[in-house]
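Thanks for coming, everyone. Let me put the model up, and then I'll walk you through it.

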Amino acid sequence: MSGAAPSLYSFPDVESLAQQLRKYVLNHQNTALNRHGSFRIAVSGGSLPHTLAKALLAPGKGTAEDTPQFAKWEIFFADERAVALDHPDSNYRLIKDELLDKIPSSLGSPTVHTIDADHATDDDPTELADLYQDDLKRTFAAKDSIKFPVFDLILLGVGPDGHTCSLFPGHPQLREKDAWVVGITDSPKPPPRRITLTLPVVSHAISIAFVATGGGKKDILRKIFDTEEGHDLPSGLVNAEGGDKVSWFSDDAATENVSFPKRATCIPRPTNACLIIPSAVTSFLPVLKMSTTHNDPPKRAEERSRVPLRQPPRTTGISSIPAPTFANADDVANKRKSLLPQRNISMRARRTEQPQGQVNNRNINEEDRKQLSSNTVSTTQKPARDPTPLSSHRAGQPYPQDTMKKVPEAGRNVSTTRTKIDHGSLSMRPRSPLKSQQNDAKVSAPPVSPKKTQMQRPSRPTRSASLRQPSASRVGVSGEGKGHTRHRSQVLNSNTITLSAGQATRQPEKLGPALLKPQQRPAFNTFQQHFSPKKEREAVRLSVTESNTRKADSSIPASRSDVAALQTEFLQVYLLYSSSMQEDAEWRSMTESKLRKRYNKVASAYQGLLAEEKIAQRQQNLKALHDWSVDCDNPANRLDFATQIQSLSQVIQEVAHLTEADSGRYTLVIEAFEDWLAKLENVRESRREIPGFDMDPDQVQFVYPMDRAWRDEVDALTSKAEYCLRGLQNLALFALENSQHADSSALMQIARGHRDFLILMVDELKAMREIELEAVTLEKAWVSRAADQLHTLEDEQPRQVKPRQGAWKSA
Ligand SMILES: O=C1O[C@H](COP(=O)(O)O)[C@@H](O)[C@H](O)[C@H]1O
């Protein structure tokens, strides 16, 4: 159980939902392709295919990120009805009609994993489920045993009863802990026989998305998200198990009754936090230890280590080196244990005995294996673990004639991609685990599943030259004095020896006895080459006694073996770097998601408080209004309730007009006064700088009084404000000022706010008038003093020029 909550997205309509779903799916596609080169998705039936088709077939932006790369898709079914593939109830047929048949050829064809058509109508769907599980194993556990497959994305629907996949409320299959796929015969929704992925498989997916639209889903969504009961429903269990890996894409009609916090936009989860490795590097990158997802619940760490790692490239050459997929010794030990799902014995009691053909197949495989061993693996040979003819087939490509047969067509000319397994042919299809164990007891042949430990290792001479191990004769052929660092497993210690070609001599202190017989050096395996933990390294110093080819450029590695070793170094550094990058990205995304959750929690708590506050405020207002109206009935009040309300509303309106920014009358008189005050300050400042009356008379500045219009306007506004104030103060409402309800009501606060504002307005208007009068008086005094001083001066030193008449005289 993850503990974190799923995301519930609610969009106004299916169109906007489809847009976001497209982004979400393609985001997962791109991440998956970067991680392992294919996109492994499971889809449901019901209403989902229609919405999915709307999302994926819509014209995109034309960018690579916004383009479905169907050729790299592996489509599985989250559940399937046990009916023929062309039956109207078939989920395959549904997705085929809605989506597959409509994919433009330019986007490629997905590989679609259908149920086995031959068993689709069996009375008991157990075999059908097992065969589908086998198909999953071929994709997810081709190389290694794993506990559960890890889908890149599972798209689910939800029924009105809360079922998802074909997991129905209260059904015993909900408790399945080991099997990947189970059959049911008693589905409450027709048809009764079905197969379905199990709950642990669903919850192991990297991401899980439900698509639920329309008013028909509103009750079940409310139940799932808002009630205790909903947590036990199959879809509620997916929420609980998947936690924040789960996203719900719904429309407003479906979420109408849900109180659980909804989101209106889908923020794509940073699933592409993984390092994007250039394809040039991945082509020879031995393994990228991939954390399946940063969302895996921590308690599954042990399981996580078993999930399939990066798929090996399918080409040979340097990329054909078998990639070890276990990071440590424990894992290697684990590898020997079967982690494949073990079906509960009682459930399997009904199963028929393993047909004899299975044993034959094993013999054939064994023969085949021997033949493979005797062959030299060429650089163009397919790796032994590559899909056999039984592996899934790409839509649109021809099927191998001998290993499949066409599935009946559902009205259109589309062939299914399910391969038909011919038990008489060379079959590597692993049986279900229990069967395998039973057969292992009967047959001494090795298990059919091509486990890596049993696989033919490509013979060294044919491996790509660039990664070929240095042969004894090549060890010494290194750059002149340019030994490079190697892992100890690569370095052959010896006393000084002259190599067979007589070309290089090792320094005695660097070489151990092992090099005395360099040819007996244990065969180097590719696991060591790439995965030996970095050991203490020593530079191999070579004293080259003869070099006919390396003189030109000592910076170029001496031989292919040097190149191989350098590549190894590079890859190890690269792996270290990439894993630290990935850890960092995972940490960031985890922190981000924690923060987001915390933020959402606070935000939704705040929203809740606001809503409560609103309700409380409304009640207080109603109460205050009521009390006010009651008070108005008091004969002491001259005005009736209606008149008082009107009077309050007039005041509110008047104040709003007067104070309007830029054009309100009160605003304008204030602005004019502030300008005048600024000039007054300037004049005073200039007089402070040149004290007394020493100033050149032409430079003298004077303070002019405000004009008459301004004074009249101030007086008029003062009267208006006083009038409004009187109107307000006459309201009976203020008699309730100390009453418990009315006092804190918005109504009272508004009335009180206006009253206080008007009081301040009157005060301010009066203050402006007084300041202006005082300033003018002071100015007159200053001018008269200046005039007196001038006369005195003139009497003492008669001047030629009489001072100009002061402008103040005109004031
Ligand atoms: O029977 C099924 O129903 C569910 C829900 O279908 P919907 O039409 O209500 O969306 C579906 O997810 C499942 O695949 C299908 O088999």
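Strand 6 and strand 9 pair in the parallel sense, over 3 bridges. Strands here are DSSP runs of E, at least two residues long; helices are runs of H or I, at least four long; both are numbered from the N terminus. Two strands count as paired if DSSP finds at least two bridges between them. Within this pairing, L156 stands opposite F210 in strand 9.

Before I go on, note that this is a predicted model: local features need pLDDT of at least 70, side-chain atom pairs count only at pLDDT 80 or more, and totals for chains, interfaces and linings use all residues. Residues are numbered from 1 along each chain as its sequence is written.

Stay with strand 6, residues 153–156. What else does strand 6 pair with? Strand 2, residues 39–43, runs parallel to strand 6 and is joined to it by 2 bridges. There, A42 has I154 as its bridge partner.

Next, burial. A residue is buried if 20 or more other C-beta atoms lie within 10 Å of its own, exposed if 12 or fewer, and partly exposed in between; the C-beta atoms are placed from the backbone. The protein has 811 residues, and 37% of them count as buried. Look at strand 1 again. It is largely enclosed by the rest of the structure, because 5 of its 5 residues are buried. One face shows S7, Y9 and F11, the other L8 and S10. Strand 6 is covered on both faces too: L153 and L155 are buried on one side, I154 and L156 on the other.

That brings us to the core. A nonpolar core is a set of buried Ala, Val, Leu, Ile, Met, Phe, Trp, Tyr and Cys residues joined through C-beta atoms within 7 Å. The largest one has 84 residues, and V43, I154 and L155 have the most contacts inside it. Helix 1, residues 14–36, gives the most to this core: 8 residues. Apart from it lies another core of 27 residues, including A624, V714, C724 and A751.

What does I154 touch? Leaving out residues up to four places away in sequence, I154 touches A42, A78, V202, A205 and I208. Contact means C-beta atoms, placed from the backbone, within 7 Å. Across the protein, take the contacts between residues at least 6 apart in sequence: 78% join residues at least 24 apart.

Now the ligand. Which residues come nearest to it? Of the 14 around it, they are S44, G45, G46, S47 and G157. Near means a C-beta atom, placed from the backbone, within 6 Å. This shell divides into 3 nonpolar, 9 polar and 2 charged residues.

On to helix 22, residues 746–796. The expected span is 1.5 Å times one less than the number of residues. For 51 residues that should be 75 Å, and the end C-alpha atoms are 74 Å apart, which agrees. Its buried residues include L747, A751, L758 and E772. Among the elements covering them are helix 17 (560–632) and helix 20 (708–729).

Last, some backbone details. Most residues other than glycine have a negative phi, and most peptide bonds are trans. Here, P190 and P191 are joined by a cis peptide bond, with omega about -5 degrees. P191 lies in the loop between strand 7 (181–184) and strand 8 (194–197). C165 has a positive phi, near 50 degrees. Its loop runs between strand 6 and strand 7. Is C165 buried or exposed? Buried, because it has 30 C-beta neighbours inside 10 Å. D662 has a positive phi as well, near 75 degrees. D662 sits in the loop between helix 18 and helix 19. D662 is exposed, with 7 other C-beta atoms within 10 Å.

Technical notes: Two residues are in contact if their C-beta atoms, placed from the backbone, lie within 7 Å. Ala, Val, Leu, Ile, Met, Phe, Trp, Tyr, Cys and Pro count as nonpolar, Asp, Glu, Lys and Arg as charged, and the others, Gly among them, as polar.
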